[in-house]
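Please look over the sequence and the structure together before reading on.

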Amino acid sequence: MARINKVEVTAGVWWLDVPDAGLRILCGCPADIVKHLMKRGLIARTERAGVVFETGPNAILLSDVMVQNGSFSNLVEFPVLQMLYRQGMILPNHPNNTGQKPMLIGLPQQVSAQLQYIYRGNYGLISEEEMVDAGLSPDQAREQMRMKLKFAFGKIRHPAELIDSLHIEGEKVEIRNGLFVRRLRLNVFEFEHGDETMTVDLNLPLYETYEAPYPLGMHQVARDYFAVVHSGEGDGWDFNRPSMGSILMYQGKAYLIDAGPNIMSNLTALGISVNEIEGVFHTHSHDDHFAGLPTLIRSDHRIKYFATPLVRASVTKKLAALLSIEEDSFADYFEVCDLEIDAWNDIEGLEVKPILSPHPVETTVFLFRGLWEGGWRTYAHLADLASRRVLESMITADDSAPGISQALFDKVMVDYMAPATVKKVDIGGGPIHGDARDFRDDRSGKIILAHTAHKHSDEEKAIGSGAPFGTVDVFIPGNQDYAWRYAWEFLAAYFPTVKPHQLRMLMNNKVVAFNPESMLIKEGVPNDEIFLVMTGNVEVLSAETGLRGVLSAGALIGELSGLHGLPAMETYRAVSFVQALRLPCDLYLQFVTSNDLFAGISLAQENREFLQRTWLFGEVVSAPVLNRIAKEMKAVSVAAGAVIEPRYGMVMIVKSGRVRRLIGEDVVEVLDAGDFFGEETAMFETPGLFRLRALEAVELYQVPAITLSGIPGVRWKLFETHERRMRVVAEAETSQRAPLIWRDEYGVDIQRIDTHHRRLFEMVNGVIEAVQEGRDRVVVLDAMDLLLGFTMFHFNEEEELLKRYGYADAEHHCARHRQLITQVRSIAEQLTEGGAQGGEAHEMLKDWVLAHVLSDDGEFVPFLHAKGIY
């Protein structure tokens with residue numbers, strides 16, 4: 001009989017059952033994984049000693065990298081909740097409460113990031129000081145904290161109190177009861193029990209994504225003047241339906257209300273592409289409303305993010321914890337649009353009013369309204385909310401005790417009961433969700449019951465309606481075709497010098513509709529038509545090259561082959577319902593020729609077609625954006641065997657030939673056509689820790705980083721690649737190749753500070769290696785400038801943190817920072833003047849960084865931990 005039983009759960013996720021060790025390990029943890037386990041029967045209801053509870057995992061193996069192919073790989077919030085509460089591992093007197101805690105297994109950085117992400121997922125902002133920073137007055141922050149502590153049973157607890165951690169890097173380590181695990185290479189692990197071994201690979205193949213646990217049919221959704229498309233009525237435990245969410249249409253533009261798991265599947269099923277999303281209204285940071293944010297990042301423009309400053313602060317802290325990035329990075333991916341609470345905010349004619357909703361994390365519900373004959377039409381989206389019974393139990397007259405005031409309770413009840421044309425309400429029940437009975441006398445025109453995994457009872461059916469996926473409530477019908485407006489905007493951006501009457505000639509062509517899985521253009525066959533995608537998603541694939549990707553609204557399909565009468569190089573198939581503007585090739589050729597565009601288009605076309613075949617640019621990026629990149633990139637030739645120096649401010653893409661990426665003399669990667677490098681220096685201000693050498697004659701394109709920084713989908717892929725490559729650097733460090741090696745004992749158990757310190761180590765290594773390898777003086781000085789700039793940023797962050805929480809010795813610590821700045825400037829001067837050689841620079845920088853990390857920062861850590869800062 002096998003000691004280790006292995007089951008594939010879904011792409012990139014495995015289940016290991018080792019009965020003799022008493023371990024059930026979930027290997028890989030993307031969004032909605034609990035629903036997958038339920039569908040596979042790996043989580044099931046059972047009974048013991050008269051207690052009904054769920055089975056499930058008791059340990060989770062984390063991916064080495066946080067992001068794969070654009071999606072989160074590690075989201076343990078719901079699996080941990082399932083272990084603690086639905087399995088009963090934390091419940092008093094429960095048969096599963098044996099004293100054994102859930103366990104997280106993985107690289108130290110990933111385990112730390114998950115603990116911090118759970119911390120923020122449980123509580124949001126964890127102090128009055130953070131709330132004041134987000135814009136509340138001290139009195140408002142005190143009131144908010146009282147409410148939060150009531151939900152938290154009087155105390156905010158770090159998840160390390162409830163969860164065991166096991167760090168694995170190179171050596172074999174024991175999990176429990178004779179079961180061992182070791183890491184073989186990136187995302188590949190070997191388990192051993194007795195004489196049996198089992199290998200688990202958590203890597204997703206290129207172009208493959210994590211699957212949704214529920215099938216969704218295909219729908220064709222109209223772009224109305226004011227309407228709501230119902231895109232989810234379930235909760236985080238409902239394995240048959242998406243989590244509660246809606247898509248609001250206003251004047252033909254699509255806005256999301258929350259961004260739950262697998263939102264790309266939801267949008268595809270509705271025939272809406274991510275490039276069509278104008279903005280997202282965000283209620284709060286729990287995973288069933290939050291996990292889809294990376295999908296929105298994959299757009300070719302910064303999607304507008306609408307939330308109150310308090311909710312935004314809670315969300316950005318959770319996202320920053322998850323990805324180990326700075327909170328300010330949020331604005332690199334989204335256009336932040338803060339909303340005023342308890343006021344009507346005008347969003348280009350759509351009015352929205354966020355209202356406080358008591359919840360464990362900072363939460364608002366939303367009222368939306370549009371003006372039409374007879375007055376306002378209103379949609380109320382109440383997710384998440386607490387029941388009247390729960391809120392009544394929280395009322396206290398003691399303004400120093402956890403709870404809420406009578407005045408706050410009264411206001412919340414009035415807000416919840418405000419009549420609307422349509423009102424969707426959370427009826428999930430329990431201590432943090434709503435109750436349908438509270439809305440029995442609600443005067444709204446229509447009540448929709450949502451956020452639940454159970455079937456509606458007869459009593460609930462008498463109170464409100466359901467809204468299956470894809471159903472629509474229209475408040476103001478649209479009497480115009482908004483897709484034409486999108487087509488005009490795309491063409492005007494693509495042909496900025498062409499006169500409007502010429503564009504109107506193209507616009508006079510037919511809009512054609514394609515059913516899901518229909519072919520638009522076939523590889524190897526000349527196409528007589530060029531298509532401008534207006535709505536929906538189109539898959540591009542090539543049997544010859546293995547290319548796969550998904551194109552969104554704004555993609556121009558078949559232009560190169562159509563203009564030159566060549567066979568198409570790829571196949572294009574509709575993924576969803578698709579609308580496209582059909583442009584006959586002969587007419588398009590005449591248009592291009594008469595406007596003297598042929599030379600310019602041909603020049604940019606080859607570059608654009610090349611970009612579209614790469615993983616970095618081949619998805620989502622619209623034709624006008626690709627055109628801009630194609631015009632700005634420059635060709636560079638490199639001889640065989642030559643060393644390639646990364647160019648600051650430039651991302652380099654291999655057009656032809658091969659490039660070796662090396663650490664020391666060890667080849668860690670070979671880059672082929674379509675691959676890229678230089679993202680670490682160009683986008684993320686990290687010294688180049690790799691050496692690059694042309695394996696043969698190489699043609700490169702250099703693209704200005706500033707051109708790419710405003711394209712969230714490209715920036716996100718650069719981030720994903722950067723994270724994966726930094727793992728290679730870390731592996732090199734543990735193999736004793738790096739001058740300065742980060743060790744677990746250097747950590748101070750405050751995630752943001754530890755992330756900064758690791759970054760300092762990377763930067764110091766970059767300087768030392770540049771000096772030791774005799775690299776160009778400009779490269780050394782650029783690396784030193786990065787180190788100095790980041791040091792000043794890090795020190796300022798520390799000082800602001802200490803002052804915010806009233807650390808008594810803050811001034812002494814600031815003085816010590818000034819001394820360290822002077823020291824690093826002195827080292828920079830010696831390097832500039834050539835006075836410091838490799839070994840000497842190594843020792844000076846090593847002593848400098850260790851003095852800060854090991855000595856100075858250890859002094860304030862107990863103080864910040866006592867304030868709940870981890």
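## Salt bridges

A salt bridge is counted here when a side-chain nitrogen of Lys or Arg comes within 4 Å of a carboxyl oxygen of Asp or Glu. In this model, which is predicted, a search of the whole structure finds 45 salt bridges. One of them joins D473 to K446, with the closest N and O atoms 2.9 Å apart. Because D473 lies in strand β27 and K446 in the loop between β25 and β26, the pair ties together parts that are 27 residues apart in sequence. D473 counts as buried at 13% relative accessibility, whereas K446 is partly exposed at 29%.

A salt bridge also links R582 and E529, at 2.5 Å from N to O. R582 belongs to strand β35 and E529 to strand β30, so this pair ties together parts that are 53 residues apart in sequence. R582 is partly exposed, with a relative accessible area of 25%, and E529 is partly exposed as well, at 26%.

## Two packed helices

Helix α15 and helix α17 pack at an angle of about 170 degrees, with their axes 11 Å apart, and they are therefore roughly antiparallel to each other. The contact is made by Q502, L503, M505 and L506 of α15 together with L587, Y588, F591 and S594 of α17. By class, this contact has 6 nonpolar, 2 polar and no charged residues.

## A buried arginine

R715 is found in helix α22, and with a relative accessible area of 10% it is buried. Leaving aside residues up to four places away in sequence, R715 touches D332, Y333, M683, F684, L708 and S709.

Definitions and conventions
Residues are numbered from 1 along each chain as its sequence is written. This is a predicted model: local features need pLDDT of at least 70, side-chain atom pairs count only at pLDDT 80 or more; totals for chains, interfaces and linings use all residues. Side-chain values use heavy atoms; hydrogens and water are left out. Axes are lines fitted to C-alpha atoms, for helices over the stretch in contact, and angles run from 0 to 180 degrees between N-to-C directions. Helices (H or I, at least four residues) and strands (E, at least two) are DSSP runs, numbered from the N terminus. Angles under 35 degrees count as roughly parallel, over 145 as roughly antiparallel, 65 to 115 as roughly perpendicular and the rest as oblique. Contact means heavy atoms within 4.5 Å. Ala, Val, Leu, Ile, Met, Phe, Trp, Tyr, Cys and Pro count as nonpolar, Asp, Glu, Lys and Arg as charged, and the others, Gly among them, as polar. Buried means under 20% relative accessible area, exposed over 50%, partly exposed in between (1.4 Å probe, protein chains only).
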